[in-house]
Amino acid sequence: MPLKVPDWSRSRVLVVGDVILDRFVQGAVRRISPEAPIPVVEVTGERHVLGGAANVAHNVGALGGQVVLVGAVGQDRHGESLRKLLGDSGLGAEHLLTLEGRPSTVKTRIIAQHQQVVRVDRETREAIPPQAWEDLEAKVVALLPECAAVVVSDYAKGIFNPERLARLGKLFRAAGKPCVVDPKPVHFPYPGATIVTPNRQEAAGFYGRPFATVELVRVAADLFERTDWDAILFTLGEEGMAVAQRDGALERIPSRVREVYDVTGAGDTVVAGLSLSLSAGLSLVEAARVANAAAGVVVGKTGTAVCTAEELADSLREER
């Protein structure tokens with residue numbers, strides 16, 4: 001039976017993680033450079049959008065939920081752009097730290113004829129200073145009681161390390177808040193997570209080697225032995241998703257039948273949909289179905305994008 005979009009207008013999600021500015025430079029390729037065998041992109045336009053944890057927050061807001069974003073930006077023009085974009089999107093930036101001497105994380109994608117030619121990253125992966133972390137953690141502690149769910153959006157850009165994640169996980173478990181983690185293998189094992197959402201490559205990093213889809217039960221059992229997670233949502237690209245639970249249950253969720261234009265930011269949409277669904281009392285499998293439907297919407301768009309509540313409702317109605 002198709003699910004309906006819950007009324008989560010009063011659900012507030014706390015998103016904490018790596019805030020990124022996504023730049024898209026559009027152009028056309030009509031010739032090869034005489035200097036090297038590379039295409040020459042003639043720029044026709046440029047746009048800036050919210051990425052990383054900021055895109056998760058944007059998706060929560062677009063889906064109709066309330067959101068609080070905690071993260072950090074540099075004291076630079078890109079940090080200013082991020083704050084302005086958050087404001088223009090109706091999201092608050094008051095809980096973002098501004099770190100002097102540290103660049104804001106920027107991903108610049110060069111797009112020609114609707115295809116990505118190259119990506120240029122401006123970032124540092126060094127851990128934010130101890131005092132900055134203490135300030136960030138204090139914000140999380142203060143905001144947690146008013147939030148119904150938490151998203152840890154980890155892009156390995158310096159906000160988190162295993163020790164800091166363990167501290168947060170203990171806080172979330174003690175507060176009884178469902179915690180959705182968009183992970184990176186370097187920061188395994190994310191103690192205190194309710195559900196972790198690795199793609200195939202990330203799950204292979206946790207497991208220690210690549211695996212076939214038919215091995216999912218074995219992979220999940222191995223990960224549950226080494227963690228305290230309640231569930232794992234494997235995102236498997238064109239093969240859809242699979243929800244594994246600690247009791248051994250495994251539910252396959254097929255991918256949505258639509259043309260895929262761009263998977264950029266789809267993982268952000270997944271964790272946004274999951275967190276809102278869990279805050280509204282849906283089961284893990286129901287929450288995963290909602291997240292899958294939302295992701296199916298954004299991969300049909302070009303670049304980093306969001307799924308609105310109306311688009312999600314239409315997508316869920318298409319379920320059979």
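This is a predicted model: local features need pLDDT of at least 70, side-chain atom pairs count only at pLDDT 80 or more; totals for chains, interfaces and linings use all residues.

**A guided reading**

Trainee: Where does Glu42 lie, and which residues is Glu42 in contact with, leaving aside its neighbours within four places in sequence?

Mentor: Glu42 sits in strand β3, which covers residues 39-52. Apart from neighbours within four places in sequence, its contacts are Gln26, Gly27, Ala28, Arg30 and Arg31. Compare that with Ala231: Glu42 and Ala231 are 47 Å apart in space, C-alpha to C-alpha, and 189 residues apart in sequence.

Trainee: Now salt bridges. How many does the structure hold?

Mentor: The idea is to look for a side-chain nitrogen of Lys or Arg within 4 Å of a carboxyl oxygen of Asp or Glu. There are 18 salt bridges here. One of them joins Arg30 and Glu42, with 2.7 Å between the closest N and O atoms. That pair links distant parts of the chain, since Arg30 is in strand β2 and Glu42 in strand β3, 12 residues apart. Arg30 is exposed, at 62% relative accessibility.

Trainee: Which residue forms a salt bridge with Glu46?

Mentor: Arg23 does, and the closest N and O atoms are 2.6 Å apart. Here too, distant parts of the chain are linked: Glu46 is in strand β3 and Arg23 in strand β2 (residues 19-32), 23 residues apart. Glu46 is partly exposed at 42% relative accessibility, whereas Arg23 counts as buried at 19%.

Trainee: Which residues are linked with Glu123 in a network of salt bridges?

Mentor: Arg125 and Lys157 are linked with Glu123 in such a network. Between Glu123 and Lys157, the closest N and O atoms are 2.6 Å apart. Lys157 is buried, with a relative accessible area of 8%, while Glu123 is partly exposed at 24%.

Trainee: How should I read a helix? Which residues of α6 are buried?

Mentor: Start by asking which way the buried residues point. In α6 (residues 216-226) they are Leu216, Val219, Ala220, Leu223 and Phe224. Because they cover an arc of only 130° around the axis, they are on the same side of α6. Val217, Arg218 and Glu225 are exposed, on the face turned away from that buried side. The buried residues pack against α5 (200-207), β11 (231-235), β12 (241-245) and β13 (250-253).

Trainee: And the nonpolar cores? How many residues has the largest one?

Mentor: It has 53 residues, and Leu69 and Leu312 have the most contacts inside it. Helix α8 (residues 284-298) gives the most to this core, with 10 residues. A second, separate core has 43 residues, among them Val16 and Ile232.

Trainee: Last one: what should I look for in the backbone?

Mentor: Most residues other than glycine have a negative phi, and most peptide bonds are trans. Gln113 has a positive phi, near 50°, and lies in the loop between β6 (105-112) and β7 (115-122). Ala156 also has a positive phi, of about 55°. The peptide bond joining Phe188 and Pro189 is cis, with omega about 25°, and Pro189 is in the loop between β9 (179-182) and β10 (195-196).

Methods: Residues are numbered from 1 along each chain as its sequence is written. Side-chain values use heavy atoms; hydrogens and water are left out. A nonpolar core is a set of buried Ala, Val, Leu, Ile, Met, Phe, Trp, Tyr and Cys residues joined through side-chain atoms within 4.5 Å. Buried means under 20% relative accessible area, exposed over 50%, partly exposed in between (1.4 Å probe, protein chains only). Helices (H or I, at least four residues) and strands (E, at least two) are DSSP runs, numbered from the N terminus. The arc is that of the directions from the helix axis to the C-beta atoms. Contact means heavy atoms within 4.5 Å.
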